[in-house]
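Dear colleague,

I am handing over the structure we spoke about, placed just below, and my notes on it follow.

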Amino acid sequence: MGSRSGGHFRKSALAVLVTAVLAALSASPVHAAPTRYEAETSPAACAGTIDTNWSGYTGSGFCNGDNAIGAYAQFTVNASSARTAAVGIRFANGGRTARPVNLVVNDSTVASPSFESTGAWSTWLTKTVTVTLRSGGNTIRLDPITSAGLPNLDHLDVEVGANLPSSFQWRSSGVLIGPKSDATHNIRAVKDPSVVHHNGRYHVFASTTNNNGGYSVVYLNFTDWSQAGSAQHHYLDRTAIGGGYKAAPHVFYFAPQRLWCLVFQTGDNAAYSTTSDISNPQSWSAPKKFYANGMPQIIRDNIGDGYWVDFWVICDSTKCHLFSSDDNGHLYRSETTVANFPNGMTNTVIALQDTKFKLFEAPNVYKVTGSDSYLLVNEAIGSDGKRYFRSWTSPTITGSWTALADTEANPFARSNNVAFDGTAWTRDISHGEMIRNGIDQTMTISSCNLRYMYQGKDPNANDSYNFLPWRLGVLTQTNSTC
Ligand code: GCU
Ligand code: CA
């Protein structure tokens with residue numbers, strides 16, 4: 001980045017800009033800081049032993065509860081006011097079967113989460129539950145329902161929640177990820193990012209377009225946004241995923257089967273591949289299709305001259321839902337049971353509709369932890385021809401959806417509520433994904449300090465769509481109320 005001239009070290013203007021943007025990014029809180037309560041730290045209690053034999057725990061150990069009904073672990077957590085809170089429970093279950101527990105808050109059982117096998121005692125995962133806390137101290141007890149007892153418990157991360165605001169303000173990073181070509185790939189654009197943060201690394205999947213207008217999917221990982229630009233790009237057309245049209249990935253961990261799932265569009269269908277190791281791009285399975293009979297009739301009846309694009313999965317405790325768009329004003333939703341997923345997608349309905357450009361594509365649906373609502377964001381094309389996002393909330397995944405910030409004047413994310421450090425490198429805030437606070441199929445996000453990874457482009461680019469120079473950046477919310 002830097003160049004030497006006349007014996008003085010000079011940074012290029014770009015390097016200065018990139019450094020400033022990265023400094024601004026890292027100075028902002030990454031999440032609302034949750035408060036961590038370690039299982040081994042008093043007043044937490046563990047009916048068992050505090051062990052250190054399985055690596056990967058935080059603090060100085062973890063609670064290994066006795067294998068018995070009644071052998072509970074209890075935490076005491078504080079809330080400054082009576083609110084809902086997101087409680088992230090970090091656990092490992094190296095046994096073969098799930099370990100269900102009663103979640104007892106201030107002596108009332110509020111939920112019965114089940115801690116599925118994580119495959120190994122040194123593989124730790126976080127399950128997030130939403131609970132209502134009272135002002136002051138609260139006890140949170142995990143009380144095993146079966147004689148297998150508890151999973152091993154590392155800590156609780158408690159984030160006292162807030163409702164989402166009804167308007168949003170953001171600051172954008174500069175370009176963080178751009179195309180990287182190699183001997184066999186002439187990459188023109190990187191777009192449609194999907195991202196999970198897992199065991200200290202960001203794992204990013206994105207569409208690529210090449211100089212022939214062809215689409216494929218790329219994977220990269222890095223520990224910090226400052227390294228996103230130098231991460232190696234792995235082209236998934238060189239894996240069992242294969243060549244041909246593949247775009248708009250959505251990645252998540254499907255906890256019931258302990259598999260990572262990569263969902264993408266193939267033009268005529270939605271497809272998925274799976275792996276047990278997200279960091280190994282060669283490990284993805286050959287794709288399979290979601291819809292055995294191709295495009296559902298209700299989509300055929302409504303798509304007009306649009307395209308069937310942008311598949312998104314979210315599950316609650318009983319059902320998994322597959323959302324998609326038609327570039328013609330319709331948001332569709334299909335469903336299957338969690339037990340059957342990924343098979344059996346059926347009952348396709350129109351989840352939301354509007355005029356073509358106001359409900360164009362790129363839907364995301366999230367569970368907002370620490371609140372009781374789901375958030376839908378969907379991409380629109382504005383009166384200025386630029387892309388932006390509208391938003392809605394609903395108490396359930398099936399709707400109905402109530403407008404949150406859904407206009408050009410009060411958008412979820414648009415050029416008019418996004419500030420840039422220096423020159424605005426894009427006026428489009430287009431297809432992307434929230435940086436979630438979990439990894440699994442429940443698609444959880446915090447209501448605090450949202451971050452949205454998106455695609456943008458040079459405002460002066462006037463290529464046809466498949467040749468536009470898309471790049472990736474991250475928005476950080478600047479008007480968080482918590
Ligand atoms: C093993 C393992 C423990 C775990 C226990 C269990 O003994 O080493 O860490 O707690 O299984 O099944 O609960
Ligand atoms: Ca145990």
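**What was found**

Of the 482 residues of the protein, 47% count as buried, a residue being buried if 20 or more other C-beta atoms, placed from the backbone, lie within 10 Å of its own. Please keep in mind that this is a predicted model, in which local features need pLDDT of at least 70 and side-chain atom pairs count only at pLDDT 80 or more, whereas totals for chains, interfaces and linings use all residues. Residues are numbered from 1 along each chain as its sequence is written, while chains are lettered from A and ligands numbered from 1 in the order in which they are written.

The protein holds two helices and 36 strands, which are DSSP runs numbered from the N terminus (H or I, at least four residues, for helices; E, at least two, for strands). Along its principal axes, the C-alpha trace spans about 70 × 65 × 45 Å.

One open sheet has four strands in the order β24-β25-β26-β27, with antiparallel pairing, where two strands pair if DSSP finds at least two bridges between them. Because β24 (309-315) and β27 (346-353) each have a single partner strand, they stand at the edges, and one side of each is left without a neighbour in the sheet. Within this sheet, β25 (residues 319-325) pairs with β26 (residues 330-337) in the antiparallel sense over seven bridges, and Ser 324 has Tyr 332 in β26 as its bridge partner.

Around ligand 1 are Asp 51, Trp 54, Asn 64, Asn 67, Gly 95, Trp 121, Gly 149 and Asn 152, each counted if its C-beta atom, placed from the backbone, lies within 6 Å of the ligand.

Notes: A residue is buried if 20 or more other C-beta atoms lie within 10 Å of its own, exposed if 12 or fewer, and partly exposed in between; C-beta atoms are placed from the backbone.
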